[in-house]
Amino acid sequence: MAAVSAVPGLGLAADRSFSPSLAALARAKGLRFGSAVGMGTFNDPRYRQVLIDECGVLVPENELKWYVLRPDAKTFAFGRADRIAAFAKAHDIALRGHTLLWHHPKWFPAWLNAYDFGQGPAAAKNAQALLVDHIDKVVAHYPQIASWDVVNETIDPKDGSIRRTVFSDAMGQEQTLDVAFHAARAAAPKARLVYNDYMGWEAGNEAHRAGVLKLLEGFRKRGTPVDALGVQSHLGTEDPAAPGSLGRPQEKAWRAFIDEATGMGYDLLITEFDVNDQNLPADIAVRDADTAAVAKAYLDLMLDYRQTKEVLAWGMVDKYSWLQGFTPRKDGLAMRVTLYDDAYRPKPLREAVAAALRSAPARA
Ligand code: XIL
């Protein structure tokens with residue numbers, strides 16, 4: 001692989017084909033490292049090379065969501081996810097599943113939000129049939145997936161309540177989530193089943209964390225088959241009280257949250273790692289140093305828990321990150337939120353992840 005010029009002033013190695021790769025560093029500790037990949041970026045051969053060089057796992061970024069897979073109640077449009085699956089297979093990279101039920105009406109296809117399940121007990125039966133059929137067919141189509149985000153983001157961060165959807169209006173809120181996990185367990189008895197959400201360690205996430213803990217407790221009480229908590233780890237939230245920063249991490253409260261989740265027997269996954277630099281100063285060296293420092297502190301804390309089994313980045317190259325469109329910087333500069341810059345050069349953030357993997361305790 002061609003060497004590229006060194007990143008000035010940052011003391012990084014110049015060649016982008018790192019050895020060992022992040023996948024290898026993770027593997028040496030009994031962990032998995034990987035990334036999300038979406039159809040748009042998938043067409044860029046240089047991006048694909050970064051995935052091949054660094055990743056032991058790939059996650060379709062949108063291609064398994066209802067709004068891509070399900071144009072209507074009868075059709076399953078597997079084509080796009082199949083392309084990612086074929087690429088992963090060709091390069092001996094594992095595939096992870098995201099997500100069987102993003103339980104939030106905003107992310108349901110319009111036809112589903114408008115679906116009429118009928119009245120009375122029939123409504124619950126019909127809703128259950130549609131949800132179980134979806135999970136059965138999607139899980140059966142990808143038998144190679146050993147780790148599934150079964151339910152995604154169902155806790156409302158404002159008050160910790162469970163979101164309502166057409167499914168929960170017909171079946172009940174807890175019942176809907178339980179149906180999803182039981183269906184996933186039946187379809188993939190050996191897979192790791194994950195509840196995934198974005199409650200973060202920064203101030204402002206208190207109600208969200210409390211709601212997630214309540215949800216996890218409920219799963220245990222009812223015997224719902226949930227194996228792990230997916231901690232999305234989109235670091236650096238917007239925090240009006242801390243302008244110009246990456247938010248205010250609450251390390252003590254965060255440890256207490258993680259202790260409670262692991263105390264209930266849940267494993268942990270870092271499922272969507274990136275660091276949002278929208279509020280940092282323009283200077284690139286400052287931004288890169290700050291994001292790398294917060295990432296190292298966070299990953300050290302998380303990897304110290306032997307329950308943390310996987311580390312997934314939500315994209316590997318800045319220009320393709322979802323955050324460029326989701327929370328653009330006010331000064332119009334491109335964000336620097338992933339491990340590689342727009343010239344496919346590794347950034348200090350990549351070094352922070354590598355260092356955290358190197359110093360992580362080994363898993364059994
Ligand atoms: C995002 C994708 O990255 C975007 O391309 C898409 O437009 C919206 O969804 N939490 C999740 C992910 O669980 O599915 C989201 O992915 C990012 C936040």
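Author: Happy to! One aromatic cluster is formed by Trp66, Phe108, Trp111, Tyr115, Phe117 and Phe167. Keep in mind that this is a predicted model, in which local features need pLDDT of at least 70 and side-chain atom pairs count only at pLDDT 80 or more, while totals for chains, interfaces and linings use all residues. Residues are numbered from 1 along each chain as its sequence is written, and side-chain values use heavy atoms, with hydrogens and water left out.

Rings of Phe, Tyr and Trp (its six-membered ring) pair if their centres lie within 6.5 Å; planes under 30 degrees apart count as stacked, over 60 as edge-to-face and the rest as tilted. By this rule the count comes to 18 aromatic pairs. Phenylalanine 78 and tyrosine 142 make an edge-to-face pair, 5.8 Å centre to centre with 75° between the planes. This pair links distant parts of the chain, 64 residues apart: phenylalanine 78 is in the loop between helix H4 (66-69) and helix H5 (79-90), and tyrosine 142 is in the loop between helix H7 (120-141) and strand S5 (147-152). Helices (H or I, at least four residues) and strands (E, at least two) are DSSP runs, numbered from the N terminus. Phenylalanine 78 and tyrosine 142 are both buried, where buried means under 20% relative accessible area, exposed over 50% and partly exposed in between (1.4 Å probe, protein chains only).

Now for the helix, H11 (residues 251-263). Its 13 residues reach 18 Å from first C-alpha to last, close to the 18 Å expected at 1.5 Å a residue (the expected span is 1.5 Å times one less than the number of residues). The buried residues of H11 are Trp254, Phe257, Ile258, Ala261 and Thr262. They lie on the same side of H11 because they cover an arc of only 125° around the axis, an arc taken from the directions from the helix axis to the C-beta atoms. On the face turned away from that buried side, H11 carries the exposed residues Lys252 and Gly263. The cover over the buried residues includes helix H10 (206-222), strand S7 (228-231), strand S9 (267-275) and H12. After H11 comes glycine 265, with a positive phi near 95°.

H12 (residues 284-304) holds threonine 291, which counts as buried because its relative accessibility is 2%. Leaving aside neighbours within four places in sequence, threonine 291 is in contact (heavy atoms within 4.5 Å) with Leu246, Val275, Asp277, Leu280, Arg336 and Leu349.
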